[in-house]
Amino acid sequence: MGWLTVCKVNYVKPDFPFSAQAEGKRIGIYLVEGEYFAMEDICPHAYALLSQGIVDDSTIECPLHGALFDIRTGQCLREPGDRDLNTYPVRVNGDQIEINITGDSE
């Protein structure tokens, strides 16, 4: 499937990520130091949208139980996150943010 458009760049702010739906998955889109990142948006511990959590530099804290994840890598930094999260390549095409959730380059 390749690259999918998920939102406009102005939908994402450093303190306010965007929650997108792509290929049946919830994906959080983040802006960290001028660079966009995409990561699974559902906390693996309990259903909560991470994009509704607290952003601090390059981390996001789950709004329900405080699990902490690195936005750039998806690494679980504090339990009860249960596991690292999948991250996805991001590119900007004009004023649109595109992600690649399949790994295809086309």
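Predicted model: local features only at pLDDT ≥ 70, side-chain atom pairs only at ≥ 80, totals over all residues.
**Cysteines**

The structure contains zero disulfides. A disulfide would need two cysteine sulfur atoms within 2.5 Å. The sulfur of Cys43 has its closest cysteine sulfur in Cys62, at 3.8 Å, so that pair is too far apart for a bond. For Cys76, the closest cysteine sulfur belongs to Cys43, at 7.8 Å, again too far for a bond. Cys43 is buried. Cys76 is buried as well.

| Residue | Closest cysteine sulfur | Sulfur distance | Relative accessibility |
|---|---|---|---|
| Cys43 | Cys62 | 3.8 Å | 3% |
| Cys76 | Cys43 | 7.8 Å | 15% |

Strand 4 spans residues 35-40. Why is strand 4 largely enclosed by the rest of the structure? Five of its six residues are buried. The cut-off for buried is under 20% relative accessible area.

Two pairings involve strand 4. Strand 3, residues 25-32, runs antiparallel to strand 4 and is joined to it by six bridges. In this pairing, Ile27 faces Glu40 of strand 4. Strand 3 and strand 4 form a hairpin with two residues between the strands. Glu33 in that hairpin adopts a positive phi near 50°.

Strand 9, residues 87-88, is the other partner described here. Two bridges join strand 4 to strand 9, and the two run antiparallel. Here Ala38 stands opposite Tyr88 of strand 9.

In a regular strand, side chains alternate between the two faces of the sheet.

Notes:
Residues numbered from 1 in each chain as written. Heavy atoms only, no water. Buried < 20%, exposed > 50% of the residue type's maximum accessible area, 1.4 Å probe, protein only. Helix = DSSP H or I, 4+ residues; strand = E, 2+ residues; numbered from the N terminus. Pairing = 2+ DSSP bridges.
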